[in-house]
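I record what I looked up, with the cut-offs beside each term.

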Amino acid sequence: MADFTIRVDQNKYLPAGSQEVHGIVTAEASGPVGAAPAADAAEVIIVDTSGSMSYGKINDARKAAQAAIDTLRDGVFFAVIAGNHQAEVIYPGHGGLAPATPQTRYESKQAVAQLRADGGTAMGRWLRRAADLFSAHQMAHPDAIKHAILLTDGKNEHESAPEFDANLAYSAGKFVCDCRGVGTDWVVAEVRRIGSTLLGSVMDVRRPEELADDFRAMTEAAMGKTVADVALRIWTPRSATLNFVKQVSPALEDLTGRRTDVDALTGDYPTGAWGGETREYHISVRVPPGQVGQEMRAGLVKLVVPQTGQVLASGNILALWSDDPALSTRLNPRVAHYTGQQELASLIQEGLQARNDGDIETATARLGKARGIAERAGNDETARLLDKVVDIDPATGTARLKRVVDKADEIALDTRSVRTVRMRKDPES
Amino acid sequence: MSACCPACGTTVLAGEAFCEQCGQDLAAAGHSGSCTACGSAAVGSDGYCENCGMLQPTGRDHAETEVETSAGVTDRGLRHSKNEDAMALVTAGPGTVIGVVCDGVSTSSRPEEASQAAADMAALTLAKRIAEGEDAATATREAVAMAARAVAAAARPGEDAPACTYVSAVAAGRHVTVAWVGDSRAYWLGAHPALLTEDDAAPGTHMLTAWLGADAGEVVPHVREFTTDGPGLVLLCSDGLWNYYPEPEALAAAALDDTPVAAARRLVRMANDAGGQDNITVVLIPFGQGDAGDATVAFPKERSG
Ligand SMILES: [Zn+2]
Ligand SMILES: [Zn+2]
């Protein structure tokens, strides 16, 4: 198993009477990567085969699914689902998962080659089907790392909102799902909800021919996971309130509502499977006001395996009340950085929403401000995408919306708004 | 050793059953490991209450020590969450008393470890070398070097090096040998009180120009020896005391008419009453007792470096 470490960046000094404590928790897993036994990995590939996938896209989707199959290590259990308004397991046929061998790879790629684009879109049903496959597999392989890839090109039109909600809730916690939207007809908010709930990434794929490389990379990343299920376990003092728990790197994800109570003072927040990687979390706690000179532990943060209770790493979020303003007014650079990254994402999402609602004034203000933050914080890709939506007068700094915006650029900007950059200049290194 | 009343914070001595100030039953609360803030019995080994989160006072928050007639008192003060001062008081054979006070530099990492390591190492080295027959000045230089090495060795990659100040006194017969690095001080308290040290700090500030620590470079202590023909006290203290009472006369007036332990407690209380902004450490070593005549202090030339 990988070695986990936790580091907390914060300014623990608070002015007398102050109650808000912020910390950035950096969780890092290192050590043996790719060391999980192949039999403990399970992969389900979900390909959108709705009617809109015709005109060539289906061909690239087939190639992508086949690339993913070729990337599976020998012995990894897998299945392929074709999704339209229904969900069909096109391989293997027996209701379970098949171990990857030269033979099963060949058979499954043959099945994928037969995929036809036809019918509607009901992503909740695809996910439920995958969840059932994983649940059955779990019986014999309790430690399996369960991962799915979902590809879609359209709107979720052929199941009701309540049914979609129920299917998504049914799937939560059963597997991690990375989602990809291809083309310009899918709805970022819809797919983002799937990625958030199932702890996976969401990315736009501009051209169908890029899918194969992307599927290969996602499968490789999934093969690199070594620990199936890790939770962030947070203790806070009695009479304190946990304001929020957010993943802030590599992408923004609000985990606050995902709490499972462990006891009256402790809750678990799911983080999914881990390989060799670093993730960062912003945690905010409201504590009772303290007296100068008092020190309090405002939070005890652990990475745990929830099934066994095994503690992988831990760190303290502290509060120390001081009457020295030189100490208590200092901003921790990492807290400031990620506060800025969250503001940037909100500005982009609100700006795009306002633009779609025809509120040009709000859209211009939000997106113009976002452009400035992106440049200062080193979000180079975001700045580049913002340039396709908004013009900034280099002399006055005044923002103006572009008249014509490529839909693909708008989708890319929206999708990638939650992806953060790490601090440009790391004072610790 | 003593501790603080869990109910009101007043200093209580070991063995006392009830707090003199508020009547708290000390056996029932503070000393049984329950939280001083909320009363919960669940206090973790790292010192934080598992219910309310408050860091619990430790033995270092207030400690007292007596060796023969000498005494030391160290106190967290009112404004710091930890006591980063450390002291040591030991004897080296009959009639020789060794005192050390170190003040952890707050902006360094783990300053409380630095000061404790320095005080312990210096006292140990002094006692050993003097018992072996070494002269006090040579033993003192060796002790400072050993203390500096101990503090430097506590440094870890990726953090500011732990650091502390240093002042020591070896009192034997009519001779006292004082050494310092930084702004912890030694005073002579007698009929003609005097400051014996000169702070290693930019004038009028607390910007240290010398300290013990991995980032301090080579440490060259100031070493001074003096003799007296009259009775008095050698006072070693951290800046938590002298920030409020820098004048030797005021310190002498507060300390001279009592036992060293009572006088040390009084000086600490005076600093706390004046605001207690910093940790306070006071070591008092009676000196030249029983000798006739007025107390006079004679300084030979400083022999540092
Ligand atoms: Zn009391
Ligand atoms: Zn408590």
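I looked up the accessible surface of chain A, which comes to about 17,900 Å², 50% of it belonging to carbon and sulfur atoms. The areas follow the Shrake-Rupley method with a 1.4 Å probe, and for residues only the protein chains shown count as cover.

I note that this is a predicted model, where local features need pLDDT of at least 70 and side-chain atom pairs pLDDT 80 or more, while totals for chains, interfaces and linings use all residues. Residues are numbered from 1 along each chain as its sequence is written, chains are lettered from A and ligands numbered from 1 in the order written, and side-chain values use heavy atoms, without hydrogens and water.

I checked burial next: 55% of the 429 residues of chain A count as buried (under 20% relative accessible area; exposed is over 50%, partly exposed in between; 1.4 Å probe, protein chains only).

I then turned to the zinc ion (ligand 2). Its protein donors are the SG atoms of B:C35, B:C38, B:C49 and B:C52, at 2.2 to 2.4 Å (donors are N, O and S atoms within 2.8 Å of the metal, or 3.2 Å for Na, K and Ca; water is not among the atoms, so sites may look incomplete). The donor residues follow the spacing C-x2-C-x10-C-x2-C. B:C38 and B:C49, 11 residues apart, both lie in the loop between β2 (11–13) and β3 (62–67) of chain B (strands are DSSP E runs of at least two residues, numbered from the N terminus). I found B:C38 partly exposed at 36% relative accessible area, whereas B:C49 is buried at 0%.

Technical notes. Helices (H or I, at least four residues) and strands (E, at least two) are DSSP runs, numbered from the N terminus.
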